[in-house]
Amino acid sequence: MPGGFGGASAVGRRRFLVMSTAAVGLPLPASRSAPGSSAVLTPAGTGTTSTVALTVNGKPRSAVVDNRTSLLDLLREHLGLPGTKKGCDQGACGACTVLVDERRVNSCLTFAVMHDGAHVTTIEGLAYGDRLHPLQQAFIDHDGLQCGYCTPGQIVSGVACIAEGHARSREEIREWMSGNLCRCGAYTNIVTAIEQTAKGG
Ligand code: FES
Ligand code: FES
């Protein structure tokens, strides 16, 4: 795997991970959650499941989930939003980054039940109808993707990076994007896309 955003340090990446997650312990991956995670098999109120209601990309959504279900699996498996990617499922790659109440979160590392009532934005919620978000367009314009697997997480994280005011220089972008890894090594063009978007074009 490429070394990351060049000057970004492992310390920086760890700092991002700490800031972006609040879970104690790891959520149960979907592959290990069956059959307990099924809303059909375990109705709400049994003590092992909960109804989680949130606003996702501006729309109210809810699901009955095993209490150990990650926010990532809620989005992908229960709500049918596969744009958010599962890379490592261990908080190390950033592929699963979403915004929770405007803050970036590694959704694989946090339990869905912890976010009842929250506003979540995924890659599916960034465009304005048929018009791409400026950062989505910039990724296309500047070849910020190769295989594209890390791209949803990179773009969601990049949107937050700009909103946080952490895109004032290429060095700063590299530091504050260091929690998002790209196995294809598209970092230089990703930084350019974020830099150009932060400057307004
Ligand atoms: S899939 Fe969540 S950080 Fe890698
Ligand atoms: S992992 Fe392939 S474009 Fe980033």
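## A buried glutamine

Gln 154 is buried, with a relative accessible area of 0%. Keep in mind that this is a predicted model. You'll find Gln 154 in helix α5. Leaving aside residues up to four places away in sequence, Gln 154 touches Phe 5, Phe 139, Met 177, Asn 180, Leu 181, Cys 182 and Ile 190.

The largest nonpolar core has 24 residues, and Leu 135, Ile 155 and Ile 194 are the ones that touch the most other members.

Take Leu 135: not counting residues up to four places away in sequence, Leu 135 is in touch with Ile 155, Gly 158, Val 159, Ala 193, Ile 194 and Thr 197. There's also a second, separate core of 16 residues, with Leu 54, Ala 63, Val 100 and Ala 118 among them.

## Salt bridges

The count of salt bridges comes to seven. In one of them, Glu 164 pairs with Arg 104, and the closest N and O atoms are 2.8 Å apart. Glu 164 sits in the loop between α5 and α6 (170-176) and Arg 104 in strand β4 (residues 103-106), so the pair ties together parts that are 60 residues apart in sequence. Glu 164 is partly exposed at 33% relative accessibility, while Arg 104 is buried at 6%.

Glu 195 is buried too, at 15%, and its side chain meets that of Arg 170 in a salt bridge (2.9 Å, N to O). Glu 195 also bridges to Lys 199 (3.9 Å, N to O), and Lys 199 is exposed at 63%. Elsewhere, Asp 73, Lys 86 and Asp 89 are linked in a salt-bridge network.

Conventions: Residues are numbered from 1 along each chain as its sequence is written. Chains are lettered from A and ligands numbered from 1 in the order in which they are written. This is a predicted model: local features need pLDDT of at least 70, side-chain atom pairs count only at pLDDT 80 or more; totals for chains, interfaces and linings use all residues. Side-chain values use heavy atoms; hydrogens and water are left out. A nonpolar core is a set of buried Ala, Val, Leu, Ile, Met, Phe, Trp, Tyr and Cys residues joined through side-chain atoms within 4.5 Å. Buried means under 20% relative accessible area, exposed over 50%, partly exposed in between (1.4 Å probe, protein chains only). Contact means heavy atoms within 4.5 Å. Helices (H or I, at least four residues) and strands (E, at least two) are DSSP runs, numbered from the N terminus. A salt bridge is a side-chain nitrogen of Lys or Arg within 4 Å of a carboxyl oxygen of Asp or Glu.
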